[in-house]
Number of protein chains: 2
Amino acid sequence: MRALVLKDDGPTFERDYPAPDQLPRDEALVRVHQAGICNTDLELVRGYAGFRGVLGHEFVGVVEASPGDTAWVGRRVVGEINIPCGLCEMCRSGLTMHCLSRAAIGIRGRDGAFADSISLPLANLHAVPDGVSDDQAVFTEPLAAALSVTSRAHVRPEDRVILLGDGKLGQLIAQVLALNGCDLTVEGHHPDKLALLERLGIPTHHGEIGDEEALADVVVEATGTASGFVAAQGRVRPRGTLVLKSTYHDLPSTDLTKIVVDELRVVGSRCGPFGAALRLLERGLVKVEPLIEARYPLEEGVAAFQCASQRGALKILLEM
Amino acid sequence: MRALVLKDDGPTFERDYPAPDQLPRDEALVRVHQAGICNTDLELVRGYAGFRGVLGHEFVGVVEASPGDTAWVGRRVVGEINIPCGLCEMCRSGLTMHCLSRAAIGIRGRDGAFADSISLPLANLHAVPDGVSDDQAVFTEPLAAALSVTSRAHVRPEDRVILLGDGKLGQLIAQVLALNGCDLTVEGHHPDKLALLERLGIPTHHGEIGDEEALADVVVEATGTASGFVAAQGRVRPRGTLVLKSTYHDLPSTDLTKIVVDELRVVGSRCGPFGAALRLLERGLVKVEPLIEARYPLEEGVAAFQCASQRGALKILLEM
């Protein structure tokens, strides 16, 4: 099958990559319709996690085979990315997302979705409602990641909330936060991306709000940069909540004493609830189509990655 | 001025009720455009809280006089209902909403809004954005009360949530809850009201979901009946959250041991954030117009109350 494979010398298009075979009874074979390039994919190419294999973890497709449960065959699906071992301490305590030896499709120990087909456990599948298009469904995984903010932190409707970052993930987090009625301002550095949010009625600010008065009850850090954490710390009120969405490759040098003295609550969040993401997409409450920057056929995956790695790029889709 | 006054023999229309005079510098005189009848008003008529005076606490109007701050004059406003003393232990600790000697317009110690004019403190006023109509703005107070659910309880996007009650307040709570992506089902007994929610894409169930499997992470009790609490207790999973919105006139006989054994979290909630309610109305995220059942001129206020007290009535508006 065709696939975009991360090798020692970078992402490579292969026409004859081995397709998944010998499907276990608890897995399904999914023919991929389209898939999205995420910042994590760019980091993998730069060496993050040492991954080698088929990239891609945001996708929508249709089930072609499912030996253990034929009811799935023909259904349009999206898939959760973590594959837990089921045996370790975390798995046994119900925290399968934190499985100590988990695989993650296209990220760790398991081929991903930038290919004609992908296999993954039935437990990872979510059927896509008829009213949700492929263009919407391909955003299920990043929208779920955005929903991890409100899953992990109690953001109250009366809270003043600052979101740092207007990128791909920031756009989705902003839309999720605005739905609860909170007094949200998005700070960013890209006028065109801030304009996307303004069109949805979400207040934005170009650059930092300098005013001390503007300390927020909740600050969400989604800049993707090491300096974001320090900036976020400066924006939250005493006893406020700081939600971290970026993964930091450098170690930010930060004044941890501020967390103690100001009695901050710092909350990390990673993957989120697919079911909730599909419900919001089905009800049209999150607008994802404006976030599509460009589409490439799978064959041009290398060029797609070059496009995605340009500063300010929104979502690049690969079509199979 | 004209006013609908609660007297010993019930609500009475008066043509020459004394208008507010000698306005303190920290208060405004508001000419009322329209006002809504709430279940609390019906309870007041039945004797709740022993109130006598002008009824009404849900309103929208325009500021006619504001000696302490003339910038308010001519602005369209809604108003928070609680008037704290500012001196008691609760007020000094910042919990003004729980002031031990608070007045509440149209409910306790202070005339309400079913009149040509009402006076209230500037601190209670919220300007209505231009994009929000009077028909929408008159729902600010009950929508804020609905938002008190998500203000007090952390409802997560992946939670299974059951809302008991499809009445006026239940309709607003359902819309607020659906915005966070949670797996919500509304249980009610009025097919026409459930149909209003289904049209908004919110799943409903006529009567109780009998299935044990259907235990929810969060149950919101908004039936307005004493039996609602017991029903709600039976629907929540161990360690789940039970949010109480009804005020109970009878004392429900309930098995409090279940709260202990199942480690339930029980959360009461009353008034909520006006700012968040106005933000949701401005963005069109909560649909209130379909909840308007009928409109009466103030002169026909007694007939309006009869209409409002019929079982299953939605919002009755009084127009000045």
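These are legends for several close-up views of a predicted two-chain model.

Since the model is predicted, local features need pLDDT of at least 70 and side-chain atom pairs count only at pLDDT 80 or more, while totals for chains, interfaces and linings use all residues. Residues are numbered from 1 along each chain as its sequence is written, chains are lettered from A and ligands numbered from 1 in the order in which they are written, and side-chain values use heavy atoms, with hydrogens and water left out.

**View 1. The nonpolar cores, with a look at A:L184.** In soluble globular proteins, nonpolar side chains tend to be buried together. Here the largest nonpolar core has 94 residues. (Such a core is a set of buried Ala, Val, Leu, Ile, Met, Phe, Trp, Tyr and Cys residues joined through side-chain atoms within 4.5 Å; buried means under 20% relative accessible area, exposed over 50% and partly exposed in between, with a 1.4 Å probe and protein chains only.) The residues with the most contacts inside this core come from both chains: A:L143, A:L177, A:L184, B:L143, B:L177 and B:L184. Zoom in on A:L184 and, leaving aside neighbours within four places in sequence, you find it in contact (heavy atoms within 4.5 Å) with A:V161, A:L163, A:A174, A:L177, A:A178, A:I202 and A:P203. There is also a second, separate core of 42 residues, which includes A:M1, A:I81, A:I105 and A:A304.

**View 2. How chain A and chain B sit together.** A 180° rotation with 0.0 Å of shift along its axis puts chain A on chain B, with an RMSD of 0.0 Å. That is the relation of a two-fold axis. As for the head count, 24 residues of chain A are in contact with 24 residues of chain B.

**View 3. What the A–B interface is made of.** About 1800 Å² is buried between chain A and chain B, and carbon and sulfur atoms give 54% of that. Polar contacts do turn up: 14 residue pairs between chain A and chain B, both partners at pLDDT 80 or more. (A polar contact is a pair of N or O atoms within 3.5 Å; within protein, one must be able to donate a hydrogen and the other to accept it, and residues adjacent in sequence count only if both atoms are side-chain atoms.) On the side of chain A that touches chain B, α4 (140-152) and α9 (274-282) each supply at least two residues, and α4(A) gives the most, with four. (Helices, H or I with at least four residues, and strands, E with at least two, are DSSP runs numbered from the N terminus.)

**View 4. B:T140 in helix α4 of chain B.** At 1% relative accessibility, B:T140 counts as buried. A polar atom of its side chain lies 2.6 Å from the backbone oxygen of B:A137. Setting aside neighbours within four places in sequence, B:T140 is in contact with B:V78, B:F274, B:A277, B:L278 and B:L281.

**View 5. A:A49, an alanine with positive phi.** Phi is about 70° at A:A49, although this residue is not a glycine. A:A49 lies in the loop between α1 (39-45) and β4 (53-54) of chain A, and it is exposed, with a relative accessible area of 53%. B:A49 also has a positive phi of about 70°, and at 52% relative accessibility it counts as exposed.

**View 6. Salt bridges within the chains.** Over all chains, the count comes to 34 salt bridges. In chain A, the side chains of A:R156 and A:D159 meet at 3.0 Å, N to O; A:R156 is partly exposed at 28%, while A:D159 is buried at 3%. In chain B, B:D8 and B:R52 pair at 2.7 Å, N to O. B:D8 lies in the loop between β1 (3-7) and β2 (10-14) and B:R52 in the loop between α1 and β4, so the pair ties together parts that are 44 residues apart in sequence. B:E64 bridges to B:R31, with the closest N and O atoms 3.0 Å apart. This pair joins strand β5 (residues 58-65) to strand β3 (residues 27-37), parts that are 33 residues apart in sequence. Back in chain A, a network of salt bridges links A:R2, A:R15, A:D116 and A:E299.

How values were computed:
Least-squares fit on C-alpha atoms with pLDDT ≥ 70 in both. Buried area = accessible area lost by both parts, 1.4 Å probe. Salt bridge = Lys/Arg side-chain N within 4 Å of Asp/Glu carboxyl O.
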